[in-house]
Amino acid sequence: MKKPGIAVAVIAAVALAAFLIYDGFFNKTASLTFFAMDTVISGEIIGADSEKCADEIKSAIVRLDSDILSRHSDKSAVALLNKNRGGKVSPEFRNYLGILIDVSRKSGGKFDFTLGAVSDLWSFTSNPAVPEAEALADAVTSSGYEKISVSGDTVSFESENLIIDFGAAGKGIALDEIRTILDGKNVREATVSVGGSVLIYGGKEKAVGIRNPFSNAGDHIAKITVSDVCISTSGSYERRFEENGKEYHHILDPETGYPVENNLVSVTVVSESGALSDCLSTACFVLGVEDGMKLAKEYGCEAILVTSDKKIYATHGIFTSTEITDSGYTLIEYEN
Ligand code: ADP
Ligand code: MG
């Protein structure tokens, strides 16, 4: 009688040990929190290679900022192009530039990655103030994506004072770089946020909150349940200031140089591509509900647009995955 009991106990102990080893290996979790690209990058990676990925992600994002995207690095591709008024670029840079040019074109110029001189006049990141009208009009005239030409690996500037700025796309580009790192590794699932743009990786559905655009408390008005996508939000609540009783925010109308004024307060775009989700959230914000939804459809992306009268418009493909968490809002399926 004793022997079978011992055998069962031994088998159970071996199974438990095997499970713990398996669990410790495949469910190895690494947390990520660091500051780069002027923002906080945070996340959780689960899988045997999680720690390795966390280290690689850190160095890749620091490199992406200092070697490619930063306007303020002395060696980044963007800074060198601005300084030298054009030049040769890497295939990696050419690829990202291609996406920005495409969104600029398809949005009819409402998205424009050449507004650096215009946004500098607003000083949103230091001491924001309404610029002088004449200086703003001059900067608007000098800007314009159609004044950039690309031939092979060479970029040329056809305007003296134009400054390119990847600010509306950088966080999404970072998500694409992060996904490439995770793809080649033993990773079961991951969630990584780059300043609010989020990558959900690994097939498992996760809920992501849509921030309350009227509160600084970080509370949510709705949640979407998604897997294997990038999610970016552009909101008029970010980087804003008040002058003489009027509010100004950082998403600019390329035609006037002033902050966009329409009935939108936030736009969230869901796409497999991080760069696209980030560009399109800004582009759709500037375009407004009707044209913004058209652009999202053209790219085959899902979008959630929140208006100042607390309506949440969701495209067909994301509508059933969206749930209101604040009863003051109304969810409407947008027929596109
Ligand atoms: P955030 O940087 O807060 O995530 P966005 O992705 O919407 O927000 O990008 C806003 C940034 O994009 C601005 O700070 C500015 O640098 C730049 N920008 C502002 N207006 C436009 C525009 N119409 N087209 C392209 N870029 C813009
Ligand atoms: Mg953006």
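Is Asp278 buried or exposed? With a relative accessibility of 7%, Asp278 counts as buried (under 20% relative accessible area, with exposed over 50% and partly exposed in between, for a 1.4 Å probe and protein chains only).

The model is predicted, so local features need pLDDT of at least 70 and side-chain atom pairs count only at pLDDT 80 or more, whereas totals for chains, interfaces and linings use all residues. Residues are numbered from 1 along each chain as its sequence is written, chains are lettered from A and ligands numbered from 1 in the order in which they are written, and side-chain values use heavy atoms, leaving out hydrogens and water.

**View 1. The magnesium ion (ligand 2) and its protein donors.** Ala168 (O), Asp278 (O), Asp278 (OD) and Thr282 (OG1) lie 2.1 to 2.6 Å from the ion, donors being N, O and S atoms within 2.8 Å of the metal (3.2 Å for Na, K and Ca); water is not among the atoms, so the site may look incomplete. Along the chain the donors follow the spacing A-x109-D-x3-T.

**View 2. Asp278 and Thr282 in helix H8 (residues 274-298).** Because they are 4 residues apart in this helix, the two are separated by about one helical turn; helices (H or I, at least four residues) and strands (E, at least two) are DSSP runs, numbered from the N terminus. Thr282 is buried, with a relative accessible area of 13%.

**View 3. Strands E6 (residues 189-194) and E7 (residues 197-201).** These strands run antiparallel and are joined by 5 bridges, where pairing requires that DSSP finds at least two bridges between two strands. Ser193 stands opposite Val198 in E7.
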